[in-house]
Amino acid sequence: MLIWAALFAVGTFFIGVPTSDPLIAFGWLWLATIAWRSELPWRQHLLFLRDWLPISLLLVVYNVSRGYADDLFDPHVTELIHADESMFGWLTGGEVPTVWLQQHLYQPEVVQWWEVAVSLVYVSHFLAVPTIGVILWVRQRDQWGRFMRRWFTLSVAGLITYFLYPAAPPWWASKYGFLPEYVERISTNGWNAIGLHSAGNTLNALQVEASNPVAAMPSLHTAYAMMAVAFFLPVVAKRWWPLMLAYPLAMTFTLVYSGEHYVADVLVGWVYVAVVFLAVGFAERRWQARRAVSASAPEPVR
């Protein structure tokens, strides 16, 4: 594991965080499972490819399809601005929260210490859920199945929404004159302060070349963060819930402050998580009930 960690650190420093291609990300995670269980024969390690390669390919298709999600309808802009103004204008003097936060916290050409935390939280979106999935795959295969069903249902629901309701984020609205104040896209600013210039360059390239700029509703960044936490809440003591919920809240601040999302996008993302958990949980219970009935049915007399 120390060898793997050293290689990953070197790769991140010179190439960047593996965010642009799910196959690369899962390749690193596969190597981690090999390092963690190095005593197992290779046949056991190849099971990872059997279980994860189809999922990785589906994620590749998902990433590519997001780039075409704005081809059907014009992006929605003003509705989201008005929604945030209505919800928080009393606190921000009539401004959307992104504009208010950047007015008070952001300084051009200066990287604040909290922007390092912002960049770290932002990039965790690309690694946290796959890492949790791999850990569950190694330790609890039945829970891995439950986790993956919720992850992909949430992803598909988000993708469908991107096609039907393309929505522009604050930085896009500012770029095209819909917001009175100029909003910077600063989710990767913090990398420069800690010397990981290549990591920031990789993410910037991903944001420009491989993403849909008007796929803001819902915010899957915060939806994934909330899903990762909500999945474990039923089995964790309630005294730890505030610490766990700090992650989706930190992701919320990160995305709103950095110009990536409105608060409305975040709230809708959380609603999607709740609906997905209810729907998938209901489907799982129905499936288990049907299997129980089938198992208890008497065999036909021959």
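Trainee: Which residues of α12 are buried?

Mentor: First, the ground rules. This is a predicted model, where local features need pLDDT of at least 70, side-chain atom pairs count only at pLDDT 80 or more, and totals for chains, interfaces and linings use all residues. Residues are numbered from 1 along each chain as its sequence is written, and side-chain values use heavy atoms, with hydrogens and water left out. As for α12, the buried residues are Leu 220, His 221, Thr 222, Ala 223, Tyr 224, Ala 225, Met 226, Met 227, Ala 228, Val 229 and Ala 230. Buried means under 20% relative accessible area with a 1.4 Å probe, protein chains only.

Trainee: How many of the helix's residues is that?

Mentor: 11 of 11, for residues 220–230. Helices are DSSP runs of H or I with at least four residues, numbered from the N terminus.

Trainee: Which residues touch the most others in the largest nonpolar core?

Mentor: Trp 52, Phe 147, Met 148, Trp 151 and Leu 154, out of 33 residues. Such a core is a set of buried Ala, Val, Leu, Ile, Met, Phe, Trp, Tyr and Cys residues joined through side-chain atoms within 4.5 Å. The elements giving two or more residues to this core include α3 and α12, and α8 gives the most, with 8 residues.

Trainee: What is Trp 52 in contact with?

Mentor: Leaving aside neighbours within four places in sequence, Trp 52 contacts Phe 26, Gly 133, Val 134, Trp 137, Trp 144, Met 148 and Trp 151. Contact means heavy atoms within 4.5 Å.

Trainee: New topic. What volume does the largest pocket have?

Mentor: About 350 Å³. On a 1 Å grid over the protein atoms alone, a pocket is an open set of points with protein on both sides within 12 Å along at least five of seven lines, a cavity is a set where a 1.4 Å probe fits but cannot get out, and lining residues have an atom within 4 Å of a point.

Trainee: Which lining residues are closest to the pocket's centre?

Mentor: Of the 16, they are Leu 29, Ala 32, Thr 131, Val 134 and Ile 135. α2 supplies the largest share of that lining, 6 residues.

Trainee: And how many cavities of 30 Å³ or more are there?

Mentor: The count is 2.

Methods. Buried means under 20% relative accessible area, exposed over 50%, partly exposed in between (1.4 Å probe, protein chains only). Grid points are joined across faces, edges and corners, and a volume is the space filled by probe spheres set on the points.
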